[in-house]
Amino acid sequence: MPDRESGAEILILNYARRMQELLSTYQSYLDCLNAQDWSRLGDFVHDEVSHNGRLFGLAGYRVMLENDFQQIPDLQFRAELLVCEPPFVAARLWFNCSPKGNFLGLALNGRTVSFAENIFYEFDGDKIKTAWSVSIKLPSKISFHSEHCPPG
């Protein structure tokens, strides 16, 4: 029976190692996004990536992200919660940013807003092959940070 226990231990260790690898890769991916280092995006995203059932490919995924940063110049991806079950990573991303113009149907025009996005990724090796994100719907009446901050 010692061989069976050793085999189980090896499986558990390999699984734990894979979880750590994916979480580390994901954090590096977020760092790449936050630095807007588009030349490295292909290190983390598969050439045939899809998002919410639409095949974007790496080039289309990059355009989507670049548009996000054009609309929200101070955009930063922060993982508030991460769960990993290889080959999947799930994240609750928290954003505190100031979108230009209209954002999700609201005229924010540079006002700061906070919101979350829940997103699930499937990895193929070390690259994101599929992403599913839950649409964020902000309430029609929203409290902006400037209305709640005490005078300084």
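**Close-up views of a predicted model**

View 1. Residues are numbered from 1 along each chain as its sequence is written, and side-chain values use heavy atoms, with hydrogens and water left out. Local features need pLDDT of at least 70 and side-chain atom pairs count only at pLDDT 80 or more, whereas totals for chains, interfaces and linings use all residues.

**View 2. The hairpin of β7 and β8.** Strand β7 (residues 113–124) pairs with β8 in the antiparallel sense over six bridges, and D124 has K127 in β8 as its bridge partner. Two residues lie between the strands of this hairpin, and G125 in the turn has a positive phi of about 70°.

View 3. Six strands, in the order β2-β1-β8-β7-β4-β3, form an open sheet with mixed pairing. Because β2 (54–55) and β3 (78–85) stand at the edges with a single partner strand each, one side of each is left without a neighbour in the sheet. The pairing of β1 with β2 is antiparallel and has two bridges. Helix α2 (residues 57–71) packs on the sheet and touches β1, β2, β7 and β8, a contact being heavy atoms within 4.5 Å. The direction of α2 makes about 65° with that of β1, where axes are lines fitted to C-alpha atoms, for helices over the stretch in contact, and angles run from 0 to 180 degrees between N-to-C directions. V63 belongs to helix α2 and is partly exposed, with a relative accessible area of 43%; buried means under 20%, exposed over 50% and partly exposed in between (1.4 Å probe, protein chains only).

**View 4. The largest nonpolar core.** Among the 35 residues of this core, Y26, Y29, Y61, F77, L93 and Y121 touch the most other members; a nonpolar core is a set of buried Ala, Val, Leu, Ile, Met, Phe, Trp, Tyr and Cys residues joined through side-chain atoms within 4.5 Å. Two or more core residues come from each of α1 (2–34), β1, α2, β4 (88–97), β7 and β8, and α1 gives the largest share, six residues. Leaving aside residues up to four places away in sequence, Y26 touches L82, V89, A91, L93, I119, Y121 and F123.

**View 5. Aromatic pairs.** The structure holds nine aromatic pairs, in which rings of Phe, Tyr and Trp (its six-membered ring) have centres within 6.5 Å, planes under 30 degrees apart counting as stacked, over 60 as edge-to-face and the rest as tilted. Y26 and Y121 form a tilted pair, 4.9 Å centre to centre with 55° between the planes, which links helix α1 to strand β7 across 95 residues; both residues are buried. The rings of F69 and F77 are also tilted, because their centres are 6.1 Å apart and their planes at 45°.

**View 6. Confidence along the chain.** The chain averages a pLDDT of 88, pLDDT being the predictor's confidence in each residue, from 0 to 100. Mean confidence is highest in β1, at 98, and lowest in helix α3 (residues 145–148), at 48. Where pLDDT is low, the predicted coordinates should not be read in detail.

Technical notes. Two strands pair if DSSP finds at least two bridges between them. Helices (H or I, at least four residues) and strands (E, at least two) are DSSP runs, numbered from the N terminus.
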